[in-house]
Amino acid sequence: MVREAFAESDSLTDVRSVLEERARQTGLAGAFARGLQELVSCVDSPLAEADTAVEAETRAVEASRRIVRPVLEAKLQARLDQLDRDSRGKTRCCGCAKLCQSKGRPGRGWESLLGALGLKRRYSYCDDCEKGRFGAQEALGLTDSGFTPRLEEVCTMIAATVPYGMTVRIIGSLCGVQLSTKGIEQMVERRGEAVSMLDDAEARACNPYDETGLPVQQARPEDAVEPSAAPDVAYVEIDGVIPITREELGDEDLTDADRQRLAQAMQDKARGGKGRRFRIVGREVKNAVLYDGKDCVRESAERGSILDKTHVSCLGSWLPFALLLWTAMVRLRFDQSRLLVVLSDGADWIRSLAEWLPIPVVLILDLYHVKHRIREVAYAVWGESSQSGREWARVQCGRVEEGRADDVLQALQFIHPDRDHAREKVDRLVTCLENNRDRMDYPDYRARGLRISSSGVESANFHVTGARLKLQGMRWSADGAARMAALRADLLNLRWERRTRQILAARAQVRKERCLCWQHDARRFRTWRSRAHRHGAPLPSVEKLSRRPRQGQRPRQGHSQRPRQGQGQRPRQGQGQRPRQGQGQRPRQGQGPRQGHSQRPRQGHSQRPGWMVGLRRCIADLCWTHHDRPGPAHEARSP
Ligand SMILES: [Zn+2]
């Protein structure tokens with residue numbers, strides 16, 4: 001085309017007219033011509049007198065986006081066309097798995113890194129379920145959010161680094177895309193949820209214990225390192241950090257003045273002030289840093305550095321964190337290391353966690369934490385400028401380093417401060433020393449060349465959590481902080497791009513399963529119908545079956561959650577006909593939140609013959625209209 005354009009012309013003006021003609025074409029050729037037109041106009045516009053390299057480069061970058069954008073659009077369109085052609089007449093409904101009807105190919109826009117893209121794709125609609133889907137769009141990984149996955153990837157990456165408002169400005173300046181703060185927030189929300197979901201699924205798969213708390217055969221993530229990469233000495237440093245989060249006040253917590261102020265603000269549509277409806281609470285983000293002993297290097301006598309670290313970060317109680325940590329450990333094959341060292345400040349939950357780990361570990365109390373506590377006692381008892389206090393602290397620190405913690409405890413018996421503050425400090429030091437006696441054999445650790453400082457996780461507390469969650473004046477919602485903690489760990493582990501692909505793959509998998517599940521149901525229904533005919537059983541009336549379920553009788557939400565057929569026929573002692581409800585609520589040890597069948601109360605008619613129960617359910621499901629259904633199938637487990 002280029003050759004043609006130049007062959008037919010002697011000047012740039014002629015080239016332009018040839019391209020203009022070509023640009024009217026659809027498809028890649030047209031897009032190419034449109035791109036070239038942009039290039040020509042870029043060539044045509046000379047730099048102004050006052051323009052510097054800044055303007056020149058800015059304009060060139062903008063032009064490059066305009067030049068390539070039509071090509072990207074045409075390529076995606078070509079792919080959508082192909083997918084639509086291939087699936088013509090084959091798209092099945094997500095609800096009933098029946099073939100859907102094509103309702104044409106409407107167009108819509110997506111914001112991308114190169115600018116807006118307008119694409120057409122087939123809309124397939126199921127009349128029975130009153131529900132439609134865009135098969136080709138789904139297959140391409142384009143969501144309904146209106147942003148391409150790559151744009152979301154970049155935006156969330158920046159949003160995990162700087163505040164949302166700043167993200168909007170950076171994206172606008174670097175990528176030329178104008179977004180809103182809300183849009184960025186929603187992107188982070190979507191990604192954070194997907195990441196947490198994936199992490200949770202992986203952690204459950206790698207859980208070293210089963211539901212009864214017994215050890216199971218260890219599963220390993222797919223991307224685990226090679227067996228030969230198992231470290232000789234592996235380190236895990238654990239600590240917690242507390243970002244400020246907010247908790248919404250209930251109506252009963254508000255004072256009359258608060259209520260008046262809120263009503264007034266509502267009436268005035270005032271900006272700001274809404275934060276006052278919240279109570280400020282600190283929630284602990286638990287951090288861990290994992291590294292191979294080989295990756296510790298000395299820069300100087302006082303300073304060392306860790307070349308390669310893996311971060312785990314989680315807001316919540318220690319068990320979900322322990323599961324995440326264990327997943328990271330088996331990924332790095334730390335469970336196969338000769339020696340596993342856990343360094344911490346001696347907090348209770350870390351000790352519980354170390355005991356929970358299914359392999360033996362060497363727990364070491366961070367030496368600098370102990371020294372810090374000793375100095376705190378000295379300052380509290382004798383005052384900061386006191387020479388005797390400093391001397392006392394020096395002697396006790398020396399004793400700790402020599403592994404003589406008992407001597408320190410003895411020395412503490414002679415200290416009886418008058419002030420509460422000092423007494424508290426003394427008590428804290430005594431508890432710390434008593435609880436960690438067996439984790440303070442520093443001469444031995446030093447002789448074995450082990451690390452005795454948890455400075456890695458202290459730095460992670462700032463770099464992973466503090467730098468985004470603990471900035472001045474920040475008040476996170478609990479969910480927002482939890483999501484950001486997960487995203488920050490991803491960011492520092494350099495897993496961002498890989499995660500995007502993982503999320504897309506997981507979404508595709510859920511869609512596939514959803515369809516398979518409904519196909520499965522349809523098959524069950526057909527089996528039942530043929531059985532009913534064979535045995536001459538009367539077909540229950542559709543009206544009867546399709547009525548809404550009674551309270552506590554939710555229709556099933558996908559077969560994986562459904563109790564097995566026939567299970568309900570077993571006579572249960574003391575239960576009679578009563579639908580079992582409490583059974584599923586039993587807390588599970590060592591498990592994250594479950595969305596399995598345990599949450600679903602049993603249906604009332606569980607004493608009927610199994611196939612009849614299944615049939616009724618199938619019919620009922622097939623007959624409910626979209627509006628009657630309590631929600632899209634599988635809502636409970638799809639991300
Ligand atoms: Zn349908």
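Guide: Let's start at a pocket. Helix H8 gives the most residues to the lining of the second largest pocket, namely 5. Helices and strands here are DSSP runs (H or I, at least four residues, for helices; E, at least two, for strands), numbered from the N terminus. This is a predicted model, where local features need pLDDT of at least 70, side-chain atom pairs count only at pLDDT 80 or more, and totals for chains, interfaces and linings use all residues. Residues are numbered from 1 along each chain as its sequence is written, and side-chain values use heavy atoms, with hydrogens and water left out.

Visitor: What counts as a pocket?

Guide: Take a 1 Å grid over the protein atoms alone; a pocket is an open set of points where a 1.4 Å probe fits, with protein on both sides within 12 Å along at least five of seven lines. Lining residues have an atom within 4 Å of a point.

Visitor: Which residues lie nearest the centre of the second largest pocket?

Guide: Tyr-164, Glu-185, Arg-246, Arg-475 and Ser-477, out of 23 lining residues. Besides H8, the elements giving two or more residues to this lining are helix H7 (164-175), strand S8 (278-282), strand S15 (476-477) and helix H18 (478-492).

Visitor: How does the lining split by class?

Guide: It has 8 nonpolar, 6 polar and 9 charged residues. Asp, Glu, Lys and Arg count as charged; Ala, Val, Leu, Ile, Met, Phe, Trp, Tyr, Cys and Pro as nonpolar; the others, Gly among them, as polar.

Visitor: New topic. How many helices and strands are in the chain?

Guide: There are 21 helices and 15 strands. Of the 639 residues, 42% count as buried. Buried means under 20% relative accessible area, exposed over 50%, partly exposed in between (1.4 Å probe, protein chains only).

Visitor: How many residues of H10 are buried?

Guide: 11 of its 14 residues, so H10 is mostly covered. Among them are Phe-321, Trp-326 and Arg-331. What covers the buried residues of H10 includes helix H8 (181-205), strand S6 (233-241) and helix H11 (348-356).

Visitor: What span should H10 have?

Guide: H10 covers residues 318-331, and at 1.5 Å a residue it should span 20 Å. The expected span is 1.5 Å times one less than the number of residues. The end C-alpha atoms of H10 are 20 Å apart, which agrees. After H10 comes Arg-333, with a positive phi near 60°.

Visitor: Where is Gly-35, and is it buried or exposed?

Guide: Gly-35 is in helix H3 (residues 27-44). It is buried, because its relative accessible area is 2%. Gly-35 touches Ile-67 and Pro-70, not counting residues up to four places away in sequence. Touching, or contact, means heavy atoms within 4.5 Å.

Visitor: And why does Glu-73 count as buried?

Guide: Because its relative accessibility is 16%. Glu-73 lies in helix H4 (residues 53-86). With the neighbours up to four places away in sequence left out, Glu-73 touches Ala-116, Leu-117, Gly-118 and Leu-119.

Visitor: Last one. Which residues have the most contacts inside the largest nonpolar core?

Guide: Val-341, Ile-364, Leu-412, Leu-433 and Tyr-442, in a core of 37 residues. Helix H12 (residues 367-382) gives the largest share, 5 residues. A nonpolar core is a set of buried Ala, Val, Leu, Ile, Met, Phe, Trp, Tyr and Cys residues joined through side-chain atoms within 4.5 Å.
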